[in-house]
Amino acid sequence: MTVRVVVADDQAAIRTGLTMILDSAPDITVVGEAADGLAAVALARETAPDVVLMDIRMPGIDGIEATRRLVGDPGTRDRVCEVLVLTTFDLDDYVDSALAAGAAGFLLKSVDAPSLLAAVRAVARGDGVLAPEITRRVISRLAPPARRPQPPAGLADLTPRETDVLTCLGRGLSNAEIAAELVITEATTKTHVSRVLTKLGLRSRVQAAIAAQDAGLVG
């Protein structure tokens with residue numbers, strides 16, 4: 001399957017460079033470029049890509065608001081596509097805002113080409129991606145020594161199997177790894193992940209992983 005991507009960045013040179021990297025892969029194709037947030041949202045709705053590679057600082061509306069509009073509200077059918085944020089800035093506020101908006105991943109523009117291609121493929125599959133240096137900081141903020149588990153609203157509504165899936169998400173497992181561990185198909189895994197997100201009112205599997213940490217499901 002070919003992964004269709006929209007590249008959104010306000011700098012033409014960066015868009016060109018990213019497009020060259022993405023189009024160099026036989027299984028990825030760039031279906032459009034946008035120079036601001038509003039254009040990114042409009043283009044994604046027009047072309048229906050699998051992934052939007054989204055910068056944060058852009059004119060019009062920024063990448064955070066554009067992500068929110070593309071991912072949609074939990075439990076609705078407003079989702080247009082997955083969003084992978086790619087930015088120069090790794091400020092905690094940007095990371096938190098991007099994940100809260102529903103971004104499936106957050107990478108820095110210093111990422112090398114193979115890692116970028118792998119991240120785009122992972123997000124298109126429904127997996128989540130965080131830059132290693134960001135992952136360490138997120139974990140340290142989520143799990144201070146004296147932190148008590150706080151089950152998210154809706155946790156009691158999950159079936160035992162959905163709770164198993166949420167636990168796996170909290171451990172950072174991909175859909176393929178979850179399927180292997182629980183002895184189910186990847187298609188069934190995707191269905192369970194979708195139901196978990198809907199029941200917990202979450203926008204992405206990264207948020208689900210955080211919820212699993214909050215619930216104390218991951219030691």
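Contact here means heavy atoms within 4.5 Å. By that criterion, residues 24 or more positions apart account for 66% of the contacts in the chain with a separation of 6 or more. The structure is a predicted model, in which local features need pLDDT of at least 70 and side-chain atom pairs count only at pLDDT 80 or more, while totals for chains, interfaces and linings use all residues. Residues are numbered from 1 along each chain as its sequence is written, and side-chain values use heavy atoms, with hydrogens and water left out.

**Overall composition**

The secondary structure of the chain comprises 10 helices and six strands; helices (H or I, at least four residues) and strands (E, at least two) are DSSP runs, numbered from the N terminus. Of the 219 residues in the chain, 47% are buried. Buried denotes under 20% relative accessible area, exposed over 50%, and partly exposed in between, with a 1.4 Å probe and protein chains only.

**Helix α9 and its surroundings**

Helix α9 spans residues 186–200, a run of 15 residues. From its first C-alpha to its last it reaches 21 Å, close to the 21 Å expected at 1.5 Å a residue, where the expected span is 1.5 Å times one less than the number of residues. The buried residues in α9 are T189, H192, V193, V196, L197 and L200. Viewed down the axis of α9, these buried residues fall within an arc of 135 degrees, so they line one face of the helix; the arc is that of the directions from the helix axis to the C-beta atoms. An α-helix has 3.6 residues a turn, so residues three or four places apart point the same way.

The buried residues of α9 pack against α7 (160–170), α8 (175–182) and α10 (205–214). T188 also belongs to helix α9, but T188 counts as partly exposed because its relative accessibility is 31%. Between T188 and N175, which are 13 residues apart in sequence, the C-alpha to C-alpha distance is 9.5 Å. After α9 comes G201, with a positive phi near 65 degrees.

**Helix α7**

In α7, the buried residues are E162, V165, L166, C168, L169 and G170. Their cover includes α8, α9 and α10. Just after this helix, G172 has a positive phi of about 80 degrees.

**Two helix pairs**

Two packed helices are described by the angle between their axes and the distance between the axes. Axes are lines fitted to C-alpha atoms, for helices over the stretch in contact, and angles run from 0 to 180 degrees between N-to-C directions. The table gives both pairs.

| Helix pair | Angle between axes | Distance between axes |
|---|---|---|
| α1 (residues 12–23) and α5 (residues 113–125) | about 75 degrees | 10 Å |
| α7 and α9 | about 90 degrees | 9 Å |

The angle in the α1 and α5 pair makes α1 roughly perpendicular to α5. Angles under 35 degrees count as roughly parallel, over 145 as roughly antiparallel, 65 to 115 as roughly perpendicular and the rest as oblique. On the α1 side, L18, I21 and L22 meet A113, L116, L117 and V120 of α5. By class, this contact of α1 with α5 has seven nonpolar, no polar and no charged residues. In this classification Ala, Val, Leu, Ile, Met, Phe, Trp, Tyr, Cys and Pro count as nonpolar, Asp, Glu, Lys and Arg as charged, and the others, Gly among them, as polar.

The α7 and α9 helices are likewise roughly perpendicular to each other. Here R161, E162, V165, L166 and L169 in α7 meet H192, V193, R195, V196, K199 and L200 in α9. The contact of α7 with α9 has six nonpolar, one polar and four charged residues.

**Residue I14**

I14 lies in helix α1 and is partly exposed, at 24% relative accessibility. Leaving aside neighbours within four places in sequence, I14 is in contact with D9 and K109. I14 and K109 are 95 residues apart along the chain, and their C-alpha atoms are separated by 9.4 Å.

Most residues other than glycine have a negative phi, and most peptide bonds are trans. A48 has a positive phi near 50 degrees. This residue is found in the loop between α2 (37–47) and β3 (51–54), and A48 is partly exposed, with a relative accessible area of 48%. V183 also has a positive phi, near 60 degrees. V183 is placed in the loop between α8 and α9, and at 70% relative accessibility V183 counts as exposed.
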